[in-house]
Amino acid sequence: MAVSDQPGYRNIREPESITPPTPPTPPDGASAPGSVAKAVAVQDRLRPLVDLVGPGPAVPATVAGLDVAYAESGDRLAAAVTVLDARTLVVVESAVSVGRPAFRYVPGLFAFRELPALLDALDRLTTRPELLVCDGHGLAHPRRFGLACHLGVVTDLPAIGVGKTPLVGDWRPPADVRGAWSPLRDGGEVVGRVLRTRAGVKPVFVSVGHRMSLDNATTQVLALTPRFRLPETTRAADRLCRDALAAAASS
DNA sequence: GCGACAG
DNA sequence: ATCTTGTCGC
């Protein structure tokens, strides 16, 4: 079956000349494929490497948040990683990387767009965080290999995905109480949880990325959301990459 | 053929 | 993702 015939993928075209002449492709899945078909192939190859058991750290010392901001022109981006003390939620280290989107946006292939810049930012850290909290999904993905899985496998760090909107799956709104959740089901399996991090506010979509159990992922997200809908890790990274983009634009 | 579609 | 006008609430 052709890629363009697969369910859930309309309007898929080859990413024309958005990707500059690409150097030799490293075999670790960290670089940008030259086509949609190759990107899907990379996901299919790396998916078996996801550790679905975990359970991951119960009391991590440090937790990293990752996020990316785009220039309005869409031709420039800033990726940020912020490392927080998991107990105090204070930022202890951070790094940014400014560059170009590595792939056009295609639902399901989102990781290829941001991964290179995020990995570059991670490389600039002196600390190795004990958990990655990604802005996007992990297993809650059409091929069970969203950004959080990709980032987790490539770095071999425990990782979870926290999305603001669903990509796949059926769900019912959880009770309007912080901590309430309902399963996110797709294709007959539970791929994540719809978690209420604040009463009276839209829930978030939590899924396993790598080396984490869904229970622990839920626990960690609640620990990171004492006050706001989104994890403090994500909020810190969001602020940082926006600021970095603004700074890069004016210099 | 018509929707649905992380950021 | 980013742009947008107004509105609500602390």
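Modeller: A residue is called buried when its relative accessible area is under 20%, exposed when it is over 50%, and partly exposed in between, using a 1.4 Å probe and the protein chains only. Helices (H or I, at least four residues) and strands (E, at least two) are DSSP runs, numbered from the N terminus. This is a predicted model, in which local features need pLDDT of at least 70 and side-chain atom pairs count only at pLDDT 80 or more, while totals for chains, interfaces and linings use all residues. Residues are numbered from 1 along each chain as its sequence is written, chains are lettered from A and ligands numbered from 1 in the order in which they are written, and side-chain values use heavy atoms, with hydrogens and water left out.

Just after the helix, Asp 156 takes a positive phi of about 55°.

Within α3, His 150 counts as buried because its relative accessibility is 0%. Taking contact as heavy atoms within 4.5 Å, and not counting residues up to four places away in sequence, His 150 touches Gly 29, Val 42, Leu 46, Ala 111, Phe 112, Leu 115 and Phe 145.

A nonpolar core is a set of buried Ala, Val, Leu, Ile, Met, Phe, Trp, Tyr and Cys residues joined through side-chain atoms within 4.5 Å. The largest nonpolar core has 33 residues, of which Phe 103, Leu 109, Val 133 and Ile 160 touch the most other members. To this core α1, α3, β5, β8 and α4 each supply at least two residues, with the largest share, five residues, coming from α1. Leaving aside neighbours within four places in sequence, Ile 160 is in contact with residues including Val 133, Ala 148, Ser 207, Met 212 and Val 221. A second, separate core of 24 residues includes Val 83, Leu 115, Leu 125 and Ala 148.
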